[in-house]
Amino acid sequence: MTNKTTFQFISEPTDVNFGGKVHGGAVMKWIDQTAYACASSWSESYCVTVYVGGIRFYKPINIGDLVKIDASVIYTGKTSIHIAVDVFSKKVTDPNYEKKTHCVIVFVAVDDHGNPTPTKKWIPKTEREKNLESYAIKLNDLRAQIAEEMKPFIAADATE
C-alpha cells in the first residue's frame, strides 16, 4: 500500500473555458478524482470528500498540455485522510513540468452504510513528510476557526 497516487493525461478541447485555457472546474474534478484514488487506496474503503481547502491556481493549463497530478497522504485522523494535491503541466515537447495548482483535500473513510469508519494511521518518515503533516494539522486548526466564524451565517435564513 502506498500513500501516493499520480494521474497523467493530455488536457482535451472539452476542458476549455471562455479564455481558451483549461476550465478551473475541470482541474477541480481531476483533483478530486486523483485524491479519491489516493485516499481510498490508503484506507482500502470507500471515501467521501468532506473538505477542499486553499485551492490555489498559480498559472493556467493550456489545451493539449500533458497534465500530471500528484496526490499524497499527509495526515490521518481517526476516520479522515488528508491529501495534498499538486497539479503540473507542460507542453508535450517540453522536458519539465511546471506547478499550476495546489490544494489539500480531506476525505472520510465510510462503511457500506455511509458511516465513518476508522482508517490506518499514516506515519511520516522523512523530514518533508513531517513538515507536510505539520502543515495539514495547521490547516485543520484554521478550518476549525473558520467553522466557528461561519456558524452565524450557516444557519441564516436564505430568504433574507
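Student: Where do glutamate 148 and lysine 151 sit?
Tutor: Both are in helix H2, three residues apart, about one turn of the helix. Helices here are DSSP runs of H or I with at least four residues, strands are E runs of at least two, and numbering starts at the N terminus.

Student: And how do their side chains meet?
Tutor: The side chains of glutamate 148 and lysine 151 meet in a salt bridge, 3.2 Å from N to O. That term needs a side-chain nitrogen of Lys or Arg within 4 Å of a carboxyl oxygen of Asp or Glu. In general, side chains of opposite charge can pair when their charged atoms come close.

Student: Before I go on, what kind of model is this?
Tutor: It's a predicted model, where local features need pLDDT of at least 70, side-chain atom pairs count only at pLDDT 80 or more, and totals for chains, interfaces and linings use all residues. Residues are numbered from 1 along each chain as its sequence is written, and side-chain values use heavy atoms, with hydrogens and water left out.

Student: Which residues do salt bridges join into one network?
Tutor: Lys59, Glu98 and Lys100, through salt bridges that share partners.

Student: How many salt bridges does the structure hold?
Tutor: Six. One of them pairs glutamate 44 with lysine 120, at 3.8 Å from N to O. Glutamate 44 lies in the loop between H1 and E2 and lysine 120 in the loop between strand E5 (98–110) and H2, so this pair ties together parts that are 76 residues apart in sequence.

Student: What about the accessibility of lysine 120?
Tutor: Lysine 120 is partly exposed, at 28%, while glutamate 44 is exposed at 60%.

Student: And what's phi for glutamate 44?
Tutor: Near 55°, which is a positive value in a residue other than glycine. As background, most residues other than glycine have a negative phi.

Student: Which residue does aspartate 86 form a salt bridge with?
Tutor: Lysine 99, with the closest N and O atoms 3.2 Å apart. That pair links distant parts of the chain, since aspartate 86 is in strand E4 and lysine 99 in strand E5, 13 residues apart. Aspartate 86 is buried, with a relative accessible area of 12%, whereas lysine 99 is partly exposed at 35%.

Student: What joins the side chains of serine 80 and histidine 82?
Tutor: A polar contact of 3.2 Å. That's a pair of N or O atoms within 3.5 Å; within protein, one must be able to donate a hydrogen and the other to accept it, and residues adjacent in sequence count only if both atoms are side-chain atoms.

Student: New topic: which residues form the nonpolar patch on the surface?
Tutor: Leu142, Ile146, Met150 and Ile154, with about 380 Å² of accessible area together. Patches take residues with over 30% relative accessible area and no salt bridge, joining like charges within 9 Å and nonpolar side chains (Val, Leu, Ile, Met, Phe, Trp, Tyr) within 5 Å. Areas come from the Shrake-Rupley method with a 1.4 Å probe; for residues, only the protein chains shown count as cover. Leucine 142 lies in helix H2 (residues 127–154) and is partly exposed at 44%.

Student: Zooming out, in what order do the elements run?
Tutor: From the N terminus on, the order is β-α-β-β-β-β-α, with two helices and five strands. Buried residues make up 39% of the 160 residues. Of the contacts with a separation of 6 or more, 71% are between residues 24 or more positions apart.

Technical notes: Buried means under 20% relative accessible area, exposed over 50%, partly exposed in between (1.4 Å probe, protein chains only). Contact means heavy atoms within 4.5 Å.
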